[in-house]
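Open the model in your viewer and keep the selection panel at hand.

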Amino acid sequence: MLVLNNVEVMYSEVILALKGITLAVQPGTCVAILGGNGAGKSTTLKAVSGTIESEDGEVSGGSITFEGERIDGLDPAEVVRRGLVHVMEGRRVLRHLTAEQNLIVGGHLAPGAAELRRRLDRVFSFIPPLGGLRERTAGYLSGGEQQMLVIGRAMMAVPKIMLIDEPSLGLAPMMVQDVFALLARLKAEGTTLLVVEQNSRVALELADHGYVMENGRVVLEGTADELRRNEDVREFYLGMTAEGERKSYREVKHYRRRKRWLG
Amino acid sequence: MIIDFVNYAINGALLGLLYALIAMGFVVIYRASKVFNFAQGELVVLGGFLQWWMVVSMGLPMIVGIPLAFVLAGVVGLLIERIFFARLVGESVFAMVMVTIGLLVLLRGVVLVAFGPQVRPFPIVFPLQPLVIGELMIPTNLLWGGVLTVLAAIGLSWFFNRTRTGLTMTAVAEDHQVALSMGISVKRSIAFAWILGCVLSTLGAVVFLSGKSLNFLASEIGFAALPVALLAGLESIGGLLLAGVIVGVIQGLATAYLDPLVGGAVGSVLPFAIMLLILLVRPTGLFGWRTIERV
């Protein structure tokens with residue numbers, strides 16, 4: 001469905017942020033991209049959605065195809081029209097608009113007012129808490145509510161694939177569970193998901209397949225089960241010892257300093 | 001005595017609504033791009049000269065010439081976006097604001113080169129005789145201007161808060177990247193805002209200049225409208241009506257009663273004193289968006 005083939009991304013014509021990423025997302029599945037800060041996870045999503053252009057970045061090598069057609073270099077609006085919607089990192093609600101206005105903006109490409117209304121109803125029934133927040137100013141919602149709102153806003157575009165960047169960032173553990181439960185329902189409904197996450201534990205519970213990135217490269221890939229069992233992933237991302245015990249934070253840090261992937 | 005007071009107040013309020021109409025040009029561009037357009041007064045002058053060109057210079061009948069001038073003003077708005085702002089998507093707002101200062105100088109130069117520094121007669125669009133109701137005398141152009149301002153404010157408020165296009169324009173102003181990620185064409189949105197800003201300025205020019213004379217110095221109206229825009233808050237279109245009336249009435253009464261006492265100028269200075277005060281006390285204006293910061 002979505003295939004990245006040896007994709008390179010360059011910022012400001014000098015900084016090579018992605019150094020040949022290859023990954024594939026099959027329809028109806030959830031793929032997780034894991035990795036630490038600065039690994040290139042968000043850049044990968046921005047390269048797919050085309051929003052990288054506004055940060056003075058460009059896909060300088062390789063290709064991105066969606067449903068068999070090249071989408072790298074396309075206008076972000078065209079990418080959305082083709083069915084890919086990017087939910088950006090950091091709960092970027094439109095702060096001064098109400099929750100409902102946020103959703104209307106998300107569905108701005110809907111053909112006709114009746115279709116827009118139908119999509120609104122669908123989102124409100126899919127994410128019931130949003131129903132009670134219609135008239136509330138989005139900037140004043142809680143973190144969890146904002147995360148649900150941005151996912152709802154992306155749903156308004158009725159995407160074939162949703163690219164979600166760090167949905168758990170800055171949320172309380174209970175909220176993280178709620179947000180991932182929502183994503184699981186979305187997936188069950190047939191929406192394909194490409195999720196970037198630092199919280200590897202929850203991400204691998206939802207995902208069918210995962211990629212681990214470091215320094216602009218994919219250093220490890222496999223099914224979610226394989227990754228959960230992989231000793232390195234357990235140590236570095238799940239914080240567990242080979243015997244399944246949880247490591248202390250100090251030990252994890254110690255290992256992180258020494259780790260070297262065999263890229 | 002009382003009737004004089006009412007007369008000054010009503011005329012002040014109507015003048016205030018004219019300021020509000022000019023200020024609407026500021027607000028529309030600000031709502032869609034967070035850019036404060038310093039060249040707003042020049043756009044009014046340009047709109048005025050386009051009408052003079054069509055109606056007086058080319059001799060077209062007003063019914064054809066004025067709508068044509070509005071279309072040309074829209075084209076100017078589109079060109080401004082295409083030439084200057086289309087390249088600045090994703091750049092800092094500060095850079096764009098600096099561009100509007102350049103635009104101010106450029107437009108003034110263009111007007112001087114194209115139409116010269118002479119004072120030109122502006123067509124008489126609204127009757128020159130004031131409307132007389134009992135002892136009240138109301139200038140017809142300002143009365144029509146007031147009606148047009150209220151209609152424009154209602155229309156634009158509805159547009160920005162209720163329609164998809166208006167909401168997507170607000171989205172662009174809030175966050176270029178998020179707007180892009182939702183498939184909104186940032187460039188088209190900003191282009192539309194500039195077109196709207198230029199058309200509103202041309203509408204302001206009709207009301208302001210009808211039956212008067214016109215030269216490049218008329219751009220001062222842009223700065224006269226500034227206190228209204230800042231008192232209302234730069235995002236609020238409906239708020240402009242109230243802010244316009246407040247500033248206009250204060251200015252009208254000050255000109256009538258305080259100017260003779262101190263020898264003039266209080267009426268013109270007071271709106272700016274209000275502006276400074278509002279910036280100190282409530283920087284977002286009466287109805288502007290406050291910064292939402294979650295901690």
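Start by selecting chain B, which has 12 helices and 4 strands; helices (H or I, at least four residues) and strands (E, at least two) are DSSP runs, numbered from the N terminus. The radius of gyration of chain B is 19 Å, close to the 19 Å from the globule rule for 295 residues, so chain B is as compact as a globular protein of that length. That radius is taken over C-alpha atoms, and the rule is 2.2 Å times the number of residues to the power 0.38. Along the principal axes, the C-alpha atoms of chain B fill a box of roughly 60 × 55 × 35 Å.

A note on what is loaded: this is a predicted model, in which local features need pLDDT of at least 70 and side-chain atom pairs count only at pLDDT 80 or more, while totals for chains, interfaces and linings use all residues. Residues are numbered from 1 along each chain as its sequence is written, and chains are lettered from A and ligands numbered from 1 in the order in which they are written.

Colour chain B by burial next: 49% of its 295 residues are buried (20 or more other C-beta atoms within 10 Å of the residue's own, with C-beta atoms placed from the backbone).

Now show both chains. In contact are 24 residues of chain A and 20 residues of chain B (C-beta atoms, placed from the backbone, within 7 Å). On the chain A side, helix 2 (76-81) and helix 3 (99-106) each supply at least two residues.

Last, select strand 1 (residues 2-11) of chain A. Which strands does it pair with? Strand 4 (residues 57-66) of chain A is an antiparallel partner over 8 bridges, with A:E8 opposite A:G61. Strand 2 (residues 15-25) of chain A also pairs with strand 1 in the antiparallel sense, over 8 bridges, and A:M10 has A:L16 as its bridge partner. In the hairpin of strands 1 and 2 of chain A, with 3 residues between the strands, A:S12 takes a positive phi near 50 degrees.

Definitions and conventions
Pairing = 2+ DSSP bridges. Contact = placed C-beta atoms within 7 Å. Buried ≥ 20, exposed ≤ 12 C-beta atoms within 10 Å, placed from the backbone.
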